[in-house]
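Here is a short report on one protein chain. Please keep the sequence and the coordinates at hand while reading.

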Amino acid sequence: MSHQGYVATPPYSQAQPGIGGYPSGFGSSASQPLYGHYGGPAQSFPPPQPGGLKPTGPPSSGMPPPGPNQYSPNNLQNGAHTQRFPPPVVSAPSSSSPFGQPPQPPYQNPGAAAPTSQLTHQMSAMQIGGYGPGSMQAPPGSSAPQGFQPGPPHAMSRTSMPLGPQSPQMGPPSLPAGALPMGGMSGAPPMGGMSFSGPPPPSGSVGFQPPAGPPGPHGFPPQQGSFGGQMAPAQTGFPGSFPAGTAQLAGPPQKKLDPNSIPSATQVIEDDKSKREGQLYITNLKGQVPPLVTTNFMVQDQGNASPRFMRCTTYSFPTTSELAKQCQVPLAAVIKPLATIPRNEGQLHLVNHGETGPLRCNRCKAYMCPFMQFIDGGRRYQCSFCSCVNEVPPFYFQHLDHVGRRVDFYERPELSLGSYEFVATLDYCKNNKTPNPPAFIFMIDVSYGNVKSGVVRLVCEELRTLLDALPRAENAERSAIRVGFVTYHKILHFYNVKSSLAQPQMMVVSDVTEMFVPLLDGFLVDFQESRSVIHNLLDQIPEMFAETNESETVFAPVIQAGMEALKAAECSGKLFIFHSSLPTAEAPGKLKNRDDRKLLNTEKEKTLFQPQKGVYESLAKECVSNSCCVDLFLFPNQFVDVATMGDIPLHTGGTLYKYSNFQIQADGDHFLNDLRNDVQKPIGFDAIMRVRTSTGFRATDFFGAVYMSNTTDVEMAAVDCDKAVTVEFKHDDTLSEDNGALIQCALLYTTVGGERRLRVHNLSLGCSSQLADLYKSCETDALVNFFAKSAYRAILNQPLKTVRDILVSQTAHMLACYRKCCASPSAASQLILPDAMKVFPVYMNALMKSCALVGSPDVPIDDRAFHRQLVLSMDVADSQVYFYPRLMPLHNLEATGAALPPAVRCSEERLNDTGAFLLENGRLLFLWLGQACPPDFIQGVFNVPSFAHISTEANSLPELDNAHSKKLRSVIDHITQQRGHSLKLVIVKQKEKLDMVFRQFLVEDKSLHGGASYMDFLCYVHREIRQLLT
């Protein structure tokens, strides 16, 4: 059975006579296996046909062997389970398409290319085929042009873009409505370096460069970026080269490529909203695909976990490992166990079985869930994960109805819902003792830098009110969390704030080599009881250190002290550390400046991302074992080695915040909002997560703010509502199409009230022996989350260029497999994309241009390390907007009644001089203003008369009583509420300094730091696919 996907039609590099292609070699597979998910032998493709493009090397997945078995034989699950859910209802795609369905130009046989002087590229509009008859392209080798022919019924839609040159007699007169004649495209490698003026930088300086080797036969010098001058002169000496200084072929002038003609991420988002916004998503079907993360919807739990807790890269797993290796689509789930639930959906049900504790399978230890099958009149049940038959305890017995279901099915959350919580017994507690409530310790760097910048005073003033908002257990009148305070520079100061004292007492520890806590009683206290003493302390700290000249700091001993305090109090907790500089004082964990720009774009660049070993490595392990989470707020003015200092927050489930060159006026509100969110957000402590699967596959790899002491237990000193763990799965047997693939995630944690809980999430996925089903149920946003975390972890051990090449190779292999196995026969000159993955290339290109993966001297290594750690704990919604920011026009806000204006493509072409635009990527909020922005808009929003009077120093908008101001502030508030954390507002004026920074976030354009435009990357990926298929 053949399937149609998404077919694209720009003038991709075809290596036709007269058309320059990309140099061969870029993105080819690495010479040895590196990282990734499947490590089978290279896929075999038919040998190249005479005259076809030859691959630069043997096509291979670029992925390594799985490595040593990470599971002991005892941990493997066996058996199967008959799925009780009805099969998913597959709905036909909508007949209407955002791109329309104009007739496709007849196909011209590429074997008989027209003379160079007569070549012209034509771009037809997109075609999205649905079910039923559709247009069919002639296969390569047909000699006569083909018109429309009825094709076979399509099981999944596709989009096609014919890519070959057309002869003059098939030229403009036959163009369908909306199509544009195509101008020539330079065959420059898409990842060429960028510069503002002058010739492009030499190969290897920045950006994604082709691997070493002979240049391709059709290479042109790279084009300049959007800020550069005219394109560099073309190579001469062979037919079809561009005339120097122009970008057109011989013949009449050609129009520029219409960017609307290639798949649009914003259009995909809007289409999903139009179909599923505001609807009820019921989780009663196996393997159903949820709405996108960008769509607002309600969830009704009927046996599978909400997509707020678990999202998968595909909701239909291949039945065999051979199929998985063939398609190379990673099988993974992004799990956010403590995700925030909207109020209108209700909170998770709590199940309490008393001293007996939660019911579990005797063999695989899976928890009771909707997938368990009760037999023998309800006296026994068969585990759906390992097929073991277990006795039902007398207290849990219940009769079965006429369909074999327990009569109390709807009364027990663990039998009818996908997500629920158990009250854990003492067996699940450390030392079989009820845990104490957790503690928060605030540790403030009082060295010269932090005092001078105002951080110390700002933190102390904020804590006076913030401590009233400490998180508390449900229905509790006050928080059970205890608090403690430490200040430090080269030495540490502990404070006794016992409620019986009139004034706080300071105790100094100057020997930081052997850290100890000088007091136990009075260090960790109840804030409400010691309120007056704590307020006295917070008033005194800024005054005590106002005149300090001490600039050196320690860091590792500070964490050690906090951990020892929690250990002595026998409780879990979190350290809030406010730190300013590289710890250079003589103490354990002293760091040296290793910011070496000479290592960029070399084999040793990876060392810049590697944390320094020794003290910090063992400290992270100790923190996890003692349930000590670290949140680090950095205020650096220069290099602070984020790769090392941020490693402890990363492994303890904490969060890293960074405010470079901190200034109270510009960054104070942003920092305080971050601090408030960090203190108040829902959190669990001393957490262990285990992911169990049904027979035939298993969890093999974990990415996130976690620590792994073995291959199965994910340990987190703390886990909050924003943290997500990405889990990769691999086959170890054949999966059953009838039973599907079952996943159970169990999180054991301590609440802020000191209760031990077990949160369980269950998900049932479909299984299919048809790859078309897998591609149809893929989720692009989850795929990008997985690839980003895989790549960001790989850069610790592999050169960046190798990691980027693997990403390109992986993209090409996935799409080539779809073309080969699922799509209807069509011209080789067409790029065919699965409908569910049609915008996958734009996200992958954005990933490769992200600051962590671009070796540019303009991006500080600390910033790259910070963003690397940020992404590793992101959920799907955060990574989606991080890699493809939202760009929203503001100049006609009144015309749109919606809460947010519809987003436009993230490209410079969407900007205009008379407009105002808001761009957000989940971390920053840019307000971009064109030079000719209407004066009434400027007056209404900024209360100044003209563009020239606008200050870019402001980090907030004035509250004015007019429609412009109210609507814009409403939009910003709405975005902030969606994100759940603080966004820093940056005001950008066109053609001023910050304009260059802003344009780095326009991910469809060429990057100033090196990186292809979306169109160039699509061209390159298409050429890679053709090489794999020839």
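## Overall

This is a predicted model. The protein chain has 1030 residues, and 60% of them count as buried. Its secondary structure comes to 21 helices and 35 strands.

Two packed helices are described by the angle between their axes and the distance between the axes. The table gives two such pairs.

| Helix pair | Residues | Crossing angle | Axis distance |
|---|---|---|---|
| α5 and α11 | 455-466 and 664-680 | roughly 40° | within 11 Å |
| α13 and α15 | 780-794 and 840-849 | about 25° | 10 Å |

Take α5 and α11. Their axes cross at roughly 40°, which makes α5 oblique to α11. The crossing is right-handed. On the α5 side, the contact is made by L458, V459, E462 and L466. On the α11 side, the residues are G668, F671, L672, L675, R676, V679 and Q680. By class, the residues of this contact divide into seven nonpolar, two polar and two charged.

Now α13 and α15. Angles under 35 degrees count as roughly parallel, so α13 and α15 are roughly parallel to each other. The crossing of α13 and α15 is right-handed. From α13, the contact uses T780, D781, L783, V784, F787, A788 and Y792. These meet F840, Y843, M844 and L847 of α15. The contact of α13 with α15 has nine nonpolar residues, one polar and one charged.

## Aromatic rings

How many aromatic pairs does the structure hold? There are 36. One of them joins F442 and F485: the ring centres are 5.9 Å apart and the planes stand at 20°, so the pair is stacked. F442 sits in strand β16, while F485 sits in strand β17 (residues 482-488). The pair therefore ties together parts that are 43 residues apart in sequence. Both F442 and F485 are buried.

A second pair is F662 with F671. Here the ring centres lie 6.1 Å apart and the planes are at 90°, so the pair is edge-to-face. F662 counts as buried because its relative accessibility is 7%. F671 is buried too, with a relative accessible area of 0%. F671 is also one of the α11 residues in the contact with α5.

F662 and F671 belong to one aromatic cluster, together with F578, F633, F635, Y657 and Y659.

## Two positive phi values

D376 has a phi of about 55°. D376 lies in the loop between β12 (373-375) and β13 (380-382). Its relative accessibility is 39%, so D376 counts as partly exposed.

N431 likewise has a positive phi of about 55° without being a glycine. The loop that holds N431 runs between β15 (419-423) and β16 (439-445). Strand β16 is also where F442 lies. Is N431 buried or exposed? N431 is exposed, because its relative accessible area is 70%.

Q869 is found in helix α16 (residues 861-872). At 7% relative accessibility, Q869 counts as buried. What does Q869 contact, leaving aside neighbours within four places in sequence? The residues are V642, A643, G646, D647, L650 and L656. Q869 and R793 are 76 residues apart in sequence, yet their C-alpha atoms are 9.3 Å apart in space.

T976 is placed in helix α19 (residues 963-979). With 31% relative accessibility, T976 counts as partly exposed. Not counting residues up to four places away in sequence, T976 touches H981 and L983. T976 and G922 are 54 residues apart in sequence and 8.6 Å apart in space, C-alpha to C-alpha.

Key:
Residues are numbered from 1 along each chain as its sequence is written. This is a predicted model: local features need pLDDT of at least 70, side-chain atom pairs count only at pLDDT 80 or more; totals for chains, interfaces and linings use all residues. Side-chain values use heavy atoms; hydrogens and water are left out. Helices (H or I, at least four residues) and strands (E, at least two) are DSSP runs, numbered from the N terminus. Buried means under 20% relative accessible area, exposed over 50%, partly exposed in between (1.4 Å probe, protein chains only). Axes are lines fitted to C-alpha atoms, for helices over the stretch in contact, and angles run from 0 to 180 degrees between N-to-C directions. Angles under 35 degrees count as roughly parallel, over 145 as roughly antiparallel, 65 to 115 as roughly perpendicular and the rest as oblique. A crossing is left-handed if the near helix is turned anticlockwise from the far one by less than a right angle, and right-handed if clockwise. Contact means heavy atoms within 4.5 Å. Ala, Val, Leu, Ile, Met, Phe, Trp, Tyr, Cys and Pro count as nonpolar, Asp, Glu, Lys and Arg as charged, and the others, Gly among them, as polar. Rings of Phe, Tyr and Trp (its six-membered ring) pair if their centres lie within 6.5 Å; planes under 30 degrees apart count as stacked, over 60 as edge-to-face and the rest as tilted.
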